[in-house]
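Welcome to this short briefing. Please take a moment with the sequence and the structure before reading on.

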Amino acid sequence: MSFINYSSREINCKIVYYGPGLCGKTTNLQYIYNKTNPDLKGKMISLATETERTLFFDFLPLALGEIRGFKTRFHLYTVPGQVFYDASRKLILKGVDGVVFVADSQIERMEANIESIENLRANLQEQGFDLDKIPYVVQYNKRDLPNAAPLDEMKRLLNPSNVPDFEACAHEGKGVFETLKATAKGVLTDLKSLGGR
Amino acid sequence: MAEPQLVLYEEEHGHIQVVIDKLALEASAKAVFLVDKNGQLVAETGELRGIDTTSLASLTAGNIAATGGLAKIIGEEEFPTHFHQGDRDNLHITLIARRIILVIVFENDKSSLGLVRLRVKKASSELAHIFEEMQKKAEAAAASGADSPFAEITDDDIDNLFSD
Ligand SMILES: Nc1nc2c(ncn2[C@@H]2O[C@H](COP(=O)(O)OP(=O)(O)O)[C@@H](O)[C@H]2O)c(=O)[nH]1
Ligand SMILES: [Mg+2]
């Protein structure tokens with residue numbers, strides 16, 4: 001849930017990157033971190049296993065600039081993708097303002113993508129959110145791989161309601177900022193219409 | 001929606017600051033923080049140099065969320081108090097009004113767990129009261145359709161954020 005602070009004139013919003021294990025969520029945040037001006041970012045925190053698999057979450061605070069005299073701050077989180085970390089994923093979705101679903105384009109991961117979206121929908125519902133109503137963006141990552149599924153096939157399976165979506169190669173940064181920007185835009189547009197929920 | 005939006009006005013921020021400044025003093029604490037359960041820093045006081053407050057807020061919220069999950073597994077609603085003991089510095093964490101987390105950093109040679117506990121008790125109820133007021137104010141503002149500072153933002157405003 002966004003947090004409006006009239007005292008410091010800041011608005012804080014939370015964006016969660018969701019998706020199956022190894023789809024590239026952490027890579028998205030790392031790229032954003034590496035490409036962001038040091039003045040605008042805080043430290044990136046990764047609670048990971050020794051083999052660099054996300055254990056609890058990655059966290060990256062970003063300051064994007066001012067709107068109407070309010071500093072806009074975005075807190076980006078990733079969830080651990082592996083199926084057995086479901087309890088942790090639920091916790092990270094608490095208070096979310098916008099979601100990015102990172103899909104793994106490899107054909108053999110399509111089943112995992114679909115499962116993860118269903119899991120996202122169910123976990124959001126438990127928190128009182130409806131995936132069809134919150135700001136939501138889909139990213140088709142790993143487009144560079146030879147075994148990537150055709151784009152229209154992925155759109156049909158993973159984005160039937162036609163939310164904003166982007167092709168990406170997160171390790172090279174392609175599509176990473178486009179995805180973030182669309183999500184931030186969705187979140188801010190939401191604030192405008194809600195005027196406090 | 002699961003929870004109402006958190007809105008902090010200057011008036012309440014002032015009240016909160018008075019309470020935590022006093023708490024820091026009376027508990028002989030190094031620093032005191034208030035963190036929203038979603039990981040956003042609400043207020044801070046004390047010796048903040050060298051402390052990454054944004055990370056502290058996010059990790060505190062993650063910690064409370066994780067232990068809250070653990071509590072439910074064993075049939076507790078929540079663990080409202082946490083204490084982490086270090087060689088030199090300690091962390092005392094309390095959940096207030098089920099929504100705001102009070103974090104106290106104190107040094108072994110300057111304060112004690114007993115003193116911190118005592119002072120937290122009083123400050124907690126004062127803070128809980130302020131947060132109730134804050135909540136009511138935010139709800140009233142939302143219900144009356146009072147203008148959000150963002151009601152008028154345009155697509156251009158948003159695009160400008162990413163212009164560099
Ligand atoms: N080929 C390719 N590999 C990628 C891409 N994005 C991420 N990876 C790799 O996929 C692996 C898993 O990425 P990671 O971000 O840890 O996945 P997470 O589990 O979703 O956080 C890493 O080895 C990344 O370098 C991409 O667009 N193309
Ligand atoms: Mg990861």
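Which side chain is joined to that of B:Glu78 by a polar contact of 3.2 Å? The partner is B:Lys37, whose side chain makes that polar contact with the side chain of B:Glu78. Keep in mind as you read that this is a predicted model.

**Around B:Glu78**

- You will find B:Glu78 in the loop between α2 and β4 (81-84) of chain B.
- B:Glu78 has a relative accessible area of 14%, and because buried means under 20%, this residue counts as buried.
- Apart from neighbours within four places in sequence, B:Glu78 touches B:Lys37, B:Gly68, B:Ala71 and B:Leu95.

**Salt bridges within the chains**

- Over all chains, the count comes to 25 salt bridges.
- One of them joins B:Lys22 and B:Glu126, with the closest N and O atoms 3.7 Å apart.
- That pair links distant parts of the chain, 104 residues apart: B:Lys22 sits in helix α1 (residues 10-26) of chain B and B:Glu126 in helix α3 (residues 113-143) of chain B.
- Both ends of that pair are partly exposed, B:Lys22 at a relative accessible area of 31% and B:Glu126 at 25%.
- Another salt bridge brings together the side chains of B:Arg99 and B:Asp36, at 3.6 Å from N to O.
- B:Arg99 belongs to the loop between β5 (89-96) and β6 (100-107) of chain B and B:Asp36 to strand β2 (residues 31-36) of chain B, so this pair ties together parts that are 63 residues apart in sequence.
- Here both partners are buried: B:Arg99 has a relative accessible area of 10%, and B:Asp36 has 1%.
- B:Asp89 and B:Arg88 also form a salt bridge, their closest N and O atoms being 3.1 Å apart; B:Asp89 is partly exposed at 22%, whereas B:Arg88 is exposed at 54%.
- In chain A, a network of salt bridges links A:Asp86, A:Arg89, A:Lys90 and A:Glu126.

**Where chain A meets chain B**

- The contact draws on 45 residues from chain A and 40 residues from chain B.
- About 4000 Å² is buried between the two chains, with carbon and sulfur atoms giving 64% of that area.
- There are 3 salt bridges between chain A and chain B, including one from B:Asp159 to A:Lys181 with the closest N and O atoms 3.9 Å apart.
- On the side of chain A that touches chain B, at least two residues each come from β1 (3-5), β2 (10-18), β3 (45-48), β4 (54-67), β5 (70-78) and α5 (176-194).
- That side of chain A divides into 23 nonpolar, 13 polar and 9 charged residues.
- β1(A) pairs in the parallel sense with strand β1 (residues 6-8) of chain B over 3 bridges, and A:Asn5 has B:Leu8 as its bridge partner in β1(B).

- After α2(A) comes A:Gly95, with a positive phi near 70°.
- A:Glu52, in the loop between β3 and β4 of chain A, has a positive phi near 65° although it is not a glycine, and this residue is exposed at 68% relative accessible area.
- A:Lys142, in the loop between β7 (136-141) and α4 (151-158) of chain A, is another residue other than glycine with a positive phi, near 60°.

Definitions and conventions:
Residues are numbered from 1 along each chain as its sequence is written. Chains are lettered from A and ligands numbered from 1 in the order in which they are written. This is a predicted model: local features need pLDDT of at least 70, side-chain atom pairs count only at pLDDT 80 or more; totals for chains, interfaces and linings use all residues. Side-chain values use heavy atoms; hydrogens and water are left out. Contact means heavy atoms within 4.5 Å. Buried area is the accessible area (1.4 Å probe) that two parts lose on being put together, summed over both. A salt bridge is a side-chain nitrogen of Lys or Arg within 4 Å of a carboxyl oxygen of Asp or Glu. Helices (H or I, at least four residues) and strands (E, at least two) are DSSP runs, numbered from the N terminus. Ala, Val, Leu, Ile, Met, Phe, Trp, Tyr, Cys and Pro count as nonpolar, Asp, Glu, Lys and Arg as charged, and the others, Gly among them, as polar. Two strands pair if DSSP finds at least two bridges between them. Buried means under 20% relative accessible area, exposed over 50%, partly exposed in between (1.4 Å probe, protein chains only). A polar contact is a pair of N or O atoms within 3.5 Å; within protein, one must be able to donate a hydrogen and the other to accept it, and residues adjacent in sequence count only if both atoms are side-chain atoms.
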